[in-house]
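Trainee: Could we go through the labels on this one and check what each of them rests on?
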Amino acid sequence: THNTHRLPELLERTLATGRPVMDVWEREGEIVEELPVHRNPGIRAYVNIMYGCDNFCSYCIVPYVRGRERSRRLKDILREIETAVNQGYREIMLLGQNVNSYGKGLAEEVDFADLLTKVDQLPGLERIRYMTSHPKNFSDKIIRAIADSKHVCEHFHLPVQAGGNHVLRWMNRGYTREEYKELIRRVREASPNCSITTDIIVGFPNETDEDFQDTLDVVNECRYDGAYTFIFSKREGTPAAKMTDDTPLSLKEKRLAKLNELVNSYSLKHNQEYLNKIVPVLIEGVSEKDPTKAFGYTDTMKLVN
């Protein structure tokens, strides 16, 4: 993943010699700019702002395979976005394993809030989205930059992963349930019409019934618009893979079903708030289920047909 820019050279060497070529880098190198970009047609362009991750959540393999965090220079990001806009794209998705860490290691003093403000000023853009953001460093400066922007969507995806402090510590998430709930309160205060989604893992090693109830309590307090929910699965090479996991799969499945039922109840309530309202939708194409309809999303990431 660190040296994909060398693919043409490696292909040429293989074609010339007729032999397989192995070229694996143990460590990440400098970010290589000016690589050719091929984008799928549509309204949305994906733009990487950084690579790697320094968080080392105990269940995640990403830092080991993607390397440490490296940020692209602001001018290179803005130039790529301007090119995409000139090609007709109207929505930009800024990508990074943890976009809130943007700016780390750069010579210039710039952070993710600064980047959002700069991109927001580019002409021709309709919407700006980003993923993924880590709750532990979703700063007040970022919250304010989004609230003050014209084009940054008020959809906040803030993965809580678990609601119990014991489990959060075992996961190495870097925040407590109390700190997370306070973050949600500040986000809603600055952007009262926003939508908030999350990721949640059930059945993490050593998760008790009390821990799971803590997760349900967080869902009840945060009232998510939606959630990506999972049963814990081991990733070889991660600390969590070595933890004792004696919770029966049947119990994990029951917990997941109960969690999904609760999340869906809040999703329905939030969606019903849109009844009889007219809101801006950026059209993406023709509905797959009904060719007489178009589909697109609101700025809060609600699918509309």
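**Labels and cut-offs**

Mentor: Let's start with C60, which is partly exposed at 23% relative accessibility.

Trainee: Why is C60 called partly exposed?

Mentor: Buried means under 20% relative accessible area, exposed means over 50%, and partly exposed is in between, with a 1.4 Å probe and protein chains only. C60 has 23%, so partly exposed is the label. Bear in mind that this is a predicted model, where local features need pLDDT of at least 70, side-chain atom pairs count only at pLDDT 80 or more, and totals for chains, interfaces and linings use all residues. Residues are numbered from 1 along each chain as its sequence is written, and side-chain values use heavy atoms, leaving out hydrogens and water.

Trainee: What makes C53 buried?

Mentor: Its relative accessible area is 8%, which is under the 20% limit, so C53 counts as buried.

Trainee: And K75, why is that one exposed?

Mentor: K75 has a relative accessible area of 53%, and that is over 50%, so exposed it is. K75 is found in helix α3; helices here are DSSP runs (H or I, at least four residues), strands are E runs of at least two, and both are numbered from the N terminus.

Trainee: How many disulfides does a search of the whole structure find?

Mentor: It finds 0. A disulfide is a covalent bond between the sulfur atoms of two cysteines, and the test here is a pair of cysteine sulfur atoms within 2.5 Å.

Trainee: Which element gives the most to the lining of the largest pocket?

Mentor: That's β8, with 5 residues. In the second largest pocket, α3 supplies the largest share of the lining, also 5 residues.
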